[in-house]
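Please open the model in your viewer and follow the stops below in order.

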Amino acid sequence: MNKKIAVIRGDGIGPEIVNAALGVLSTVADKFGHTFNYDDVDMGGCAIDKWGDPLPVEMLKKCIESDSVLLGAVGGKKWDVVPGHMRPEKGLLRLRAGMGVYSNNRPAKIWPQLADASPLKSEIVDKGIDFIIVRELIGGIYFGEHKTTEVNGENKATDDMSYTESEIERIGRIGFETARKRGGKLCSVEKSNVLDCSRLWKKVMHRLAKEYPDVTLTDMLVDNCAMQIVKDPSQFDVIVTENMFGDILSDEASMITGSIGMIPSSSLGNGTCGLYEPIHGSAPDIAGMDIANPIGTILSASMMLKYSFDMENESDCIEKAVYNVLEKGYRTSDIMPQDELSSSCEKVGCRKMAELIIDEIKAM
Ligand code: IPM
Ligand code: MG
C-alpha cells in the first residue's frame, strides 16, 4: 500500500521521538512491502519562530490532505510569553479542530515487565490495569471563548464551556462502540452535580444506552473517578468523558501504568485520516540529550497502522517488538527500576531503544 504521512516533529524532544518512530515505520514498510511517503509539517514553537504562526494554513492543509498525521510534541518555556492565541499549544488545538478529530483514544494498560514502575501498591496493580479513556477532543472549555477584561479596576478572566447534544452524542457513540468491542463496560464521567454541560452529557449518554443493550453504562463524578483510578483501576474498561476531564484523567491513568512515556494516542473523526501522538509533552529539560522514551510515539505509529490504514499485522508486529525489547530488560531512564545497580535491566537512550525495536521487527 502507498500512504502519505504528514510528520510533525514539533519542539523539545519531539524531533528525537518522531525520528525513532519513522525508523520503525520504514522498517515495517520494507518488511511488508508498503511505501510510506513523509511530508514534513511545521507546527508549534518551531513554526512560531519560522513563520510567526503556530500552525500556518498551508501546514494544516498538508495534514488534511495526508492519509494520517504523526506528531511528536509541541511547546516549551521559550514561548510561554507569547499571547494565548499564538501559543504553540494553540497550533495543536487548531490542528485537532481543523482535522475534525473529535474522538481521542488513550489506552492505560500496564506492561507486565513494568509492573514495578507503577507507583501503586502491587496488590492494586496485580488486579490488572487495562482500560481506555475516550476523550472528546474538539469541544468544551478548550474551544469556548477565552477573554480577560477589566472589571472594577481588576482583571477578570473568563473561559466558556459549552456542549451541544450532537457533540455529546457522536463521542458517546464512540464510547459505546469501544466498550462493545472490549469488556462491555462503559463509565461516563462528568460533574453533573455542578455543571449544566455535565447534566446534558449524562442525559444524552442514557438516551444512547438504549441503543446499546449489550453495554453496561455507569456514571461517575470526575472527582470520584480521579480517586477510583488510583484506588481500584481494575474496575474500568472504557471511560468516556469531555475534553478537559479527559486531559486530566489521562495523565493520571498513564502514571499508574509506570510512565507517561509509554502511552500512545489516536484521534479520529468521521474519516480514516487520524492524528497520532504520544500523550506526553515536549519535555524541553531533556531535549537533545537522547534520553527520552520513544515508545509512546512508536506505539502511536502502530495505532496509525491499525486504525487508519487497516494494517493489523503490521501494527501487531510493532507491539510484539516493543514487548520483546522490554522482556529482554532494555529500559529508557523513565522506566528504569529505581535501584539501578542491583537490577538486571540495561539502560538505553532514545536512539538505541528504537534500534532495538527495529532489530526485533527485522528478526520476526
Ligand atoms: C494533551 C496535552 C494538550 C491538551 C496540550 C498540549 C494543549 O496536554 O494532549 O493532553 O491539553 O490537550
Ligand atoms: Mg494533557
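**Stop one: the ligand**

Select ligand 1 and display its surroundings: Glu89, Arg96, Arg106, Arg135, Tyr142 and Asp247 (each with a heavy atom within 4 Å). This is a predicted model, in which local features need pLDDT of at least 70 and side-chain atom pairs pLDDT 80 or more, while totals for chains, interfaces and linings use all residues. Residues are numbered from 1 along each chain as its sequence is written, chains are lettered from A and ligands numbered from 1 in the order written, and side-chain values use heavy atoms, without hydrogens and water.

The shell comprises one nonpolar, no polar and five charged residues (Tyr counts as nonpolar; Asp, Glu, Lys and Arg as charged).

Next, select the arginine side chains. An N or O atom of Arg96 lies 2.7 Å from an oxygen atom of ligand 1; for Arg106 the distance is 2.8 Å, and for Arg135 it is 2.8 Å. Taken alone, ligand 1 exposes 320 Å², of which the protein buries 77% (Shrake-Rupley method, 1.4 Å probe).

**Stop two: an aromatic pair**

The whole structure contains four aromatic pairs (ring centres within 6.5 Å). Select Phe36 and Phe309, a tilted pair with 6.2 Å between centres and 40° between planes (stacked is under 30 degrees, edge-to-face over 60, tilted the rest). Phe36 belongs to strand S2 and Phe309 to the loop between helices H10 and H11, so the pair ties together parts 273 residues apart in sequence (DSSP runs: helices at least four residues, strands at least two).

Key
Polar contact = N/O pair within 3.5 Å; in protein donor to acceptor, adjacent residues only side chain to side chain. Phe/Tyr/Trp six-rings, centres within 6.5 Å; stacked < 30°, edge-to-face > 60°.
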